[in-house]
Structures are given as structure tokens and as C-alpha cells.
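Here is a short tour of one protein model, meant to be read with the viewer open. Take a look, then follow along below.

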Amino acid sequence: MVVNKHRPLSPAAFIPPDLVQPAVRLAVSGEAALLNSTTAAAAERMFAAAATAGVVMTLASGYRSFVTQTSTYNGYVATRGQAEADTASARPGFSEHQTGWSFDIGDGGGACSFQPCFAEQPAAVWAKANAHRFGFIVRYPWMYHETTGYYYESWHLRFIGVEAAGDMAARGVPTLEEYFGLESAPAYL
Ligand SMILES: [Zn+2]
């Protein structure tokens, strides 16, 4: 499943059937602490390995339902207008967080959470170097917003499986769009 600004979920209100809360350090509660079962199991392995390496990693945002995304997006539209809203939030049905395959990491500190400076924090540095061993990719890498539709998010990971993630890392393929031969999706159609 590849979701981007050209490829919404189908159906738009898709709900993963196997959402579970992973046994990792949580920085959120409720639906945002959920992942699909495959992603949750892989996250548990990755967080444990990070902890062994002395790296503090938290689950900062996981699953986001269509209903939640709708209210978040509409809130931005109401206060900032649609053009601004589209830079701040995915449209309902277009967020990778709705798939259950994605989550954002934090480091328990918070000063750089969801900020560009998070890229230099140990959690992001470790994830960039090691996430592929657990089946994850940094989904929105630096300088590929014209392909992915999003500026660099060092905190946003996507599960694609150990084999594919390792292959992408070994071949230096930066984006899922390129890996699967999909068109670039810089903006909504
Ligand atoms: Zn994210």
C-alpha cells in the first residue's frame, strides 16, 4: 500500500482491522498509540534495539483515523485557509498515518519534536542508520519533497518489510515512489 498526494486510501475511510498498541515507550495515548499488528511487532523490535544502543525512542504519533484527520484538516482550513492547511496537514484519506503502517518517533525530550532539528537528535540519527534492519524507511527524506509531497520528516517512519527496506538501503533508493516506479506526487491533483 503506497499512500501519497496522488494515491488516497481506498476506501477513503479505511480502518486497519488489526490495530494494537505496541509495547514501546509511548508519548501518546488513545488511537495515536495504535499501529497495525505487523508494524507494532516490528516497532517493538526496533525500539528494543535502540534502547540497547542507549538511544531513547518514543512513539510520538501512530494511527490516525479518517475522522480525526478530517477534524484536524478542517480546523486548519477554518483558521488558515486551504492552501495553508495543505502545507500543515494531509487531507482526510491521504495520510499515511491512517494505514497503520506509519508512525512518528520522539526522543522523550521534546524540544525538537516534529522540528527540523530532530534530524540531529540521537533517535533520528539512529533510526536513519538502522531502521531498515527492522523493515522501516524514513518515508520523507531530505530534498525529495517534489517526489513525496512532503518536506523532510526525520521522525516519520513507514514499515515496508525487512527485505524491501534492506534493498532500498543497499541500492540507495531514496523514496517509495521511486522504488515502486510510481509517479512523483508533489501536490494534490
Ligand atoms: Zn508522520
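## Ground rules

Buried here means under 20% relative accessible area, exposed over 50%, and partly exposed in between, using a 1.4 Å probe and protein chains only. By that rule, both Asp104 and His156 are buried. This is a predicted model, in which local features need pLDDT of at least 70 and side-chain atom pairs count only at pLDDT 80 or more, while totals for chains, interfaces and linings use all residues. Residues are numbered from 1 along each chain as its sequence is written, and side-chain values use heavy atoms, with hydrogens and water left out.

## The zinc site

His97 (NE2), Asp104 (OD) and His156 (ND1) coordinate the zinc ion at 2.0 to 2.1 Å. Donors are N, O and S atoms within 2.8 Å of the metal (3.2 Å for Na, K and Ca); water is not among the atoms, so sites may look incomplete. Along the chain, the donors are spaced as H-x6-D-x51-H. Because Asp104 sits in strand β4 (residues 102-106) and His156 in strand β6, the pair ties together parts 52 residues apart in sequence. Helices (H or I, at least four residues) and strands (E, at least two) are DSSP runs, numbered from the N terminus.

## Strand β6 and its partners

β6 pairs with β4 in the antiparallel sense over three bridges, and Asp104 stands opposite His156 in β6. Two strands pair if DSSP finds at least two bridges between them. β5 also pairs with β6 in the antiparallel sense, over four bridges, and Ile137 has Arg158 of β6 as its bridge partner. Seven of the seven residues of β6 are buried, so the strand is largely enclosed by the rest of the structure.

Ser154 lies in β6 (residues 153-159). Setting aside residues up to four places away in sequence, Ser154 touches Phe118, Ala119, Ala124 and Val138, where contact means heavy atoms within 4.5 Å. A polar atom of the Ser154 side chain lies 3.2 Å from the backbone nitrogen of Ala119.

## The nonpolar core

Which residues touch the most other members of the largest nonpolar core? Of its 26 residues, they are Met46, Phe47, Met57, Phe103, Ile105 and Phe136. Such a core is a set of buried Ala, Val, Leu, Ile, Met, Phe, Trp, Tyr and Cys residues joined through side-chain atoms within 4.5 Å. α1 (37-52), β4, α4 (122-130), β5 (136-140) and β6 each supply at least two residues of this core, and α1 gives the most, with six.

Terms used: Polar contact = N/O pair within 3.5 Å; in protein donor to acceptor, adjacent residues only side chain to side chain.
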